[in-house]
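Reader: Please take me through one part of this model closely, and then show me how the rest is put together. I would like residues and numbers, in plain terms.

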Amino acid sequence: MRRRPGRSPENEEERMTQQDISVLGLGHMGATLAHLFLESGFTTTVWNRSVERAAPLVAAGATAAPDPAAAVGDAAVAVICLDRYEHAQALLEQAEVAGTLSGHVIVNLTWGTPDEARTMSRWVGERGGRYLDGNIYDYPTNLGPDSAGLSYAGDRSVFDAHRHLLAALGRPRYDGADPALPNILGSSGGIAHHVAVAGFYEAAAYAAHYGVSPAIFLEFHERLGAPLTSHACQVAVEHLQSGDFTSNQAALRTHFDSMVVNCADMRRIGQPAIMLGAFHDVLANVVEAKGDMALAAVYEDLSRPET
């Protein structure tokens, strides 16, 4: 039976077994999360600043909360999916003022920095709530029980108690006690993803100039390019862990020389070579000193300078 908004669970057993869920934030991702909870049979409350976004979910069986405090107070688990931690903080402050935060579980799937996750975890804990941070590493259309695109960190007892609820979104993965881990991994993955995707666009544009379609280039990339990149990353980790950058394979200078040729031809045909040119310029600054080393030797030049 649904609890009245603002009523805290009467005991730990009720809190752990209650299956009511709230989703706060109904953008493309948040709306997908709410639909997945509904499809899994969970009683679902939704809230969004723009109330019209809740209408399709209400039509599908959700209940619209009048405000964030009611959304948090009427659920065993409140899932927040907003664009910034500061916005999530503002919602939780409303719940605290209304007395609906203490004793409740907050699962925050908002993208942010490691420091923001740790700060929010402390803030919720100091006010009697229990906190789990998480991140979504996939597109909305790919989420569902078989997805591997979500991970969580923070209070392990919260994760264990509610993993059956989280399983509606994807296979639950617990990455550790530090609530910052999802953002550390997610942001690192985002950096790699965006640079790689931009590189694909740039490469596809180069191929297209010579009459090769993006589809043909993609087939080549998936067959040979992507496995080669994966292998290069695995080898790089070995170099980074050992600190030994000697190599009997293609040295940094070899990679640089190929970039010189590629950048020159791209610019000859009028393509700016923004992505490849940036890496070319990094290697140009170190090729004399590190040219005979493995390409992974450039890691130090892409890292935070030591202070």
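Author: Cys233 sits in helix 9, which covers residues 214–242. In this predicted model, the relative accessible area of Cys233 is 45%, so the residue is partly exposed. Along the chain, Cys233 and Ala296 are 63 residues apart, yet 8.7 Å separates their C-alpha atoms.

A second residue to look at is Val124, which belongs to helix 6 (residues 114–126). Val124 has a relative accessible area of 0% and is therefore buried, the cut-off for that class being under 20%. Leaving aside residues up to four places away in sequence, Val124 touches Leu92, Ile106, Gly129, Arg130 and Tyr131.

Helix 5 (residues 85–97) and helix 6 have axes that come within 11 Å and cross at roughly 5°. Angles under 35 degrees count as roughly parallel, so helix 5 is roughly parallel to helix 6. On the helix 5 side, the contact is made by Tyr85, Ala88, Gln89, Leu92, Glu93 and Glu96, and on the helix 6 side by Glu116, Ala117, Met120, Trp123 and Val124. Sorted by class, this contact of helix 5 with helix 6 has seven nonpolar residues, one polar and three charged.

Another helix pair is formed by helix 10 (residues 252–268) and helix 11 (residues 274–284), whose axes come within 9 Å and cross at roughly 140°. That angle makes helix 10 oblique to helix 11. The crossing of helix 10 past helix 11 is left-handed. Helix 10 contributes Leu252, Phe256, Met259, Val260, Asn262, Cys263, Met266 and Arg267, which meet Leu276, Gly277, Phe279, His280, Leu283 and Ala284 of helix 11. By class, there are ten nonpolar, three polar and one charged residues in the contact of helix 10 with helix 11.

Aromatic rings are the next topic. A pair of rings is described by the distance of the centres and the angle of the planes. With centres within 6.5 Å as the rule for a pair, the count is seven aromatic pairs. In one of them, Tyr206 and Tyr210, the ring centres are 5.3 Å apart and the planes stand at 65°, so this pair is edge-to-face. The angle of 65° falls in that class because planes over 60 degrees apart count as edge-to-face. Tyr206 has a relative accessible area of 25% and is partly exposed. Tyr210 is partly exposed too, at 42% relative accessibility. Elsewhere, ring pairs link Phe200, Tyr201, Phe217 and Phe220 into a cluster.

These parts belong to a chain with twelve helices and seven strands. The chain has 307 residues, of which 42% count as buried; Val124 is buried, whereas Cys233 is partly exposed. Taken along the principal axes, the C-alpha atoms of the chain fill a box of roughly 70 × 45 × 30 Å. For contacts in the chain between residues at least 6 apart in sequence, 64% join residues at least 24 apart.

Conventions
Residues are numbered from 1 along each chain as its sequence is written. This is a predicted model: local features need pLDDT of at least 70, side-chain atom pairs count only at pLDDT 80 or more; totals for chains, interfaces and linings use all residues. Side-chain values use heavy atoms; hydrogens and water are left out. Rings of Phe, Tyr and Trp (its six-membered ring) pair if their centres lie within 6.5 Å; planes under 30 degrees apart count as stacked, over 60 as edge-to-face and the rest as tilted. Buried means under 20% relative accessible area, exposed over 50%, partly exposed in between (1.4 Å probe, protein chains only). Axes are lines fitted to C-alpha atoms, for helices over the stretch in contact, and angles run from 0 to 180 degrees between N-to-C directions. Helices (H or I, at least four residues) and strands (E, at least two) are DSSP runs, numbered from the N terminus. Angles under 35 degrees count as roughly parallel, over 145 as roughly antiparallel, 65 to 115 as roughly perpendicular and the rest as oblique. A crossing is left-handed if the near helix is turned anticlockwise from the far one by less than a right angle, and right-handed if clockwise. Contact means heavy atoms within 4.5 Å. Ala, Val, Leu, Ile, Met, Phe, Trp, Tyr, Cys and Pro count as nonpolar, Asp, Glu, Lys and Arg as charged, and the others, Gly among them, as polar.
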